[in-house]
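Keep the sequence and the 3D view open as you read.

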Amino acid sequence: MNIFKDSYKIVRENSDEIYKGFGFRHLSDATQYYVHPNNQSYRGTTTLCQPIGEGITLFSLVLRSLISNEDGISGDILVNSDKSKLYFKVKFPEDWKDNGIIDNRVDQAVVLLENNEINLTFYDENQSILPTESKEYPEDGELIDMIYWYFVSFAALLARDTSNDDEFNRVVFNYIENPTADTFVNIHEDFYQEHKMEEYNFTTDEDLLNYDLREFVSYKDVYGVIRQNKEQLQETLDIVVTKFEDNVFTEEQKQLIPNLGEEFELPEQLKPICNAVVNGDSKTVLLHGPAGTGKTISCKLICRDIGLPIMDTVNCSENLDEFILGKFIPEGDQIVFKESFVTKAIRDGGAVVFEEINFAKPAYLAFLNSLLDDNGFVRLDNGEIVRRNPNFRFFATMNLGYFGTKELNQALYNRFNTIVEIASLSDAAIKKMLITRVPECKEYVTKILGVYHKLKNKIEAEELDIVISPRNLENWARQAKYEGYLKAAEKTIIPIAKCDRTLENVIRGFLLLYKWN
């Protein structure tokens, strides 16, 4: 049987809605969310079906219960030592029965997977096997509806894919931590496209509850360490940020300590770095991540909260040249050497920030190898050697994987004491920024974020060479004050597509999902 293709022909009699599937229905068109590169449908569309959608929901519920010990559903997922067999057991939640997703007489189901053989058995609350064809209940016809076979089998197959595919595992875990319609579609489509040509054989009515599981290991054990580490990462540490002593910098230098608006707060993850910078355990900090995640702002927030002046900010994509430390210039009838603000910071203390450092020509960064070494110094073009001030700090930011970027020389990369990946700003942070800067957008900020996430997920899923950032959202909100959000988007959000007409229409489709007046 090709259960993946057949699943599009099967739907529950009582409803075509995918249970807990973000409002999607059987044969819903989800093209605006995601299209798999190998999609071979006639129109190139992404279509969802009820059995696969409910298989995703069932699997995610079981896996979430194993990882976080959540109540509401019980089950287990086990694999043998060489991962050739997978055992999936689920006791159905009451709401699945109350809403007609599963027959009231069905208490639990067990699936044993081995290659493309699916052994599936259903049980009542007394752990008695329920026949797939009604011999005991002739008035009911077939007791176990075929759709049950499908979504339970899909849940087990998803479990196996998660066990065998690290990238798919990552996507699924992201979905469990943050369930969104976009990721739901992504999982559904990837799962279908991966297996759409495969044939499976069904066997049933074997007593799997008493199957010998001595060679199997439970996901609960496999993910136990993950669960503990996640809990540890989620612990909130009460960290007090320390500052440089008041007499470390001159009054003139103190004028260069960043002064940011109230909408900017130091993320918790940066507080330990602040203290390391103050105490000299981290003299060099590299922040990396996608465009628009606030890497430069993060540098400024660190410096603001520890009282560290930023003596110079260098945009490596535009301003960096061989004269970064200073150059000879005519002065009257003489040629004199004028050192740069970077050199002044090295000499007198304070911070410098090199933005987009991996855009720079390696030859112009050569001086950093000696500057960032243990006994830091630079040699100027006039022959002078400038020793690094004890209170000098070097910050750099970079994007990874963007056109024009380069990999940092390994020797330079290794000289950074602290390397931090700056993730995308949280919704709460973006909301606060937008409402503070453009108060008029408060009523629409949730819709703005909806469009932002839809486009961002599409960019990431299809690895598009475009970027959407909170800056774009702010520009959109500002322009919308004068012509409304739909027209303003044509000048601020649509251009993100870089004249890709297909993508432009996809973005317009995202916009039309919301009511803007």
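This is a predicted model: local features need pLDDT of at least 70, side-chain atom pairs count only at pLDDT 80 or more; totals for chains, interfaces and linings use all residues.

Residues are numbered from 1 along each chain as its sequence is written, and side-chain values use heavy atoms, with hydrogens and water left out.

How far is the sulfur of Cys299 from the closest cysteine sulfur? That sulfur belongs to Cys303 and is 6.8 Å away, which is too far for a bond. The closest cysteine sulfur to Cys274 is also in Cys303, at 8.5 Å, and this too is too far for a bond. Cys274 is buried as well, with a relative accessible area of 0%. A disulfide is counted when a pair of cysteine sulfur atoms lies within 2.5 Å, and by this rule the count comes to zero.

Strand 4 covers residues 117–123, and six of its seven residues are buried. Two strands are said to pair if DSSP finds at least two bridges between them.

Which way do strand 3 and strand 4 run, parallel or antiparallel? Strand 3 (residues 108–114) runs antiparallel to strand 4, and seven bridges join them.

Strand 5 (residues 129–130) is joined to strand 4 by two bridges and runs antiparallel to it, with Phe122 opposite Leu130. Strand 4 and strand 5 form a hairpin with five residues between them, where Gln127 in the turn has a positive phi of about 65°.

## Two buried polar residues

Asn119 sits in strand 4 and is buried, with a relative accessible area of 8%. Its side chain makes a polar contact of 3.5 Å with the side chain of Thr203. Such a contact is a pair of N or O atoms within 3.5 Å; within protein, one must be able to donate a hydrogen and the other to accept it, and residues adjacent in sequence count only if both atoms are side-chain atoms. Counting contact as heavy atoms within 4.5 Å and leaving out residues up to four places away in sequence, Asn119 touches Val110, Val111, Leu112, Thr203, Thr204, Glu206 and Leu208.

Gln50 belongs to helix 2 (residues 50–68) and is buried at 0% relative accessibility. A polar atom of the Gln50 side chain lies 3.0 Å from the backbone oxygen of Ser15. Beyond four places in sequence, the contacts of Gln50 include Ser15, Asp16, His26 and Ile147.

## Aromatic pairs

Rings of Phe, Tyr and Trp (its six-membered ring) pair if their centres lie within 6.5 Å; planes under 30 degrees apart count as stacked, over 60 as edge-to-face and the rest as tilted. By this rule there are 29 aromatic pairs. In one of them, the rings of Tyr8 and Tyr192 have centres 5.2 Å apart and planes at 70°, so the pair is edge-to-face. This pair links distant parts of the chain, 184 residues apart: Tyr8 is in the loop between helix 1 (3–6) and helix 2, and Tyr192 is in helix 6 (residues 181–195). Both Tyr8 and Tyr192 are buried.

Phe154 and Phe191 also form an edge-to-face pair, 6.0 Å centre to centre with 85° between the planes. Phe154 lies in helix 4 (residues 146–164) and Phe191 in helix 6, so the pair ties together parts that are 37 residues apart in sequence. Phe154 is buried at 0% and Phe191 is buried at 1% relative accessible area. Phe4, Tyr150, Phe154, Phe191 and Tyr200 form one aromatic cluster.

Technical notes:
Buried means under 20% relative accessible area, exposed over 50%, partly exposed in between (1.4 Å probe, protein chains only). Helices (H or I, at least four residues) and strands (E, at least two) are DSSP runs, numbered from the N terminus.
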